[in-house]
Amino acid sequence: MVEITITKSNFEEEVVRSDKPVMLDFWATWCGPCRMLAPTIEEIAKERNDIKVGKVNVDDEGALASAFGIVSIPTVVVIKNGEEVARAVGYRQKDELLDMLK
């Protein structure tokens, strides 16, 4: 699977109503740690068909970032059945991100 760009307009369908857990990466183009994390997020998206991986650009989607209380990026949030079940702030190793899905 590939990463999905999550916006205010597709959030309800892609995240809230998803039948799979969703890993959301809150990021921005100017954020160094976000750029370091991007290949790992992409890898997870390609390897795992049992989840959705979404990317939320906080500059473009300020309302979504606010709704999630994002104050620092990168922030990775896991949503299951429309509810947040895990959150990690800052750069994380792949195994730490995968552990959030358990």
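Glu-61 touches Ile-6, Thr-7, Lys-8 and Val-56, where contact means heavy atoms within 4.5 Å and residues up to four places away in sequence are not counted. The structure is a predicted model, in which local features need pLDDT of at least 70 and side-chain atom pairs count only at pLDDT 80 or more, whereas totals for chains, interfaces and linings use all residues. Residues are numbered from 1 along each chain as its sequence is written, and side-chain values use heavy atoms, with hydrogens and water left out.

Glu-61 lies in the loop between strand S3 (52-57) and helix H3 (62-67); helices (H or I, at least four residues) and strands (E, at least two) are DSSP runs, numbered from the N terminus. Glu-61 is buried but has no salt bridge, and the nearest side chain of opposite charge, that of Lys-8, is 6.5 Å away. Here buried means under 20% relative accessible area, with exposed over 50% and partly exposed in between (1.4 Å probe, protein chains only). Lys and Arg count as positive and Asp and Glu as negative, while His and the chain ends are not counted; a salt bridge is a side-chain nitrogen of Lys or Arg within 4 Å of a carboxyl oxygen of Asp or Glu.

S3 belongs to an open sheet of 5 strands in the order S1-S3-S2-S4-S5, with mixed pairing, and two strands pair if DSSP finds at least two bridges between them. The edge strands are S1 and S5 (83-89), each of which pairs on one side only. S1 (residues 4-5) pairs with S3 in the parallel sense over 2 bridges, and Thr-5 has Lys-55 as its bridge partner in S3. S2 (residues 22-27) also runs parallel to S3, joined to it by 6 bridges, whereas S2 and S4 pair in the antiparallel sense over 5 bridges. Leu-24 stands opposite Gly-54 in S3, and its bridge partner in S4 is Val-77.

Leu-24 is also among the residues with the most contacts inside the largest nonpolar core, which has 19 residues, the others being Ile-6, Phe-26, Phe-68 and Ile-73. A nonpolar core is a set of buried Ala, Val, Leu, Ile, Met, Phe, Trp, Tyr and Cys residues joined through side-chain atoms within 4.5 Å. The largest share of this core, 3 residues, comes from S2.
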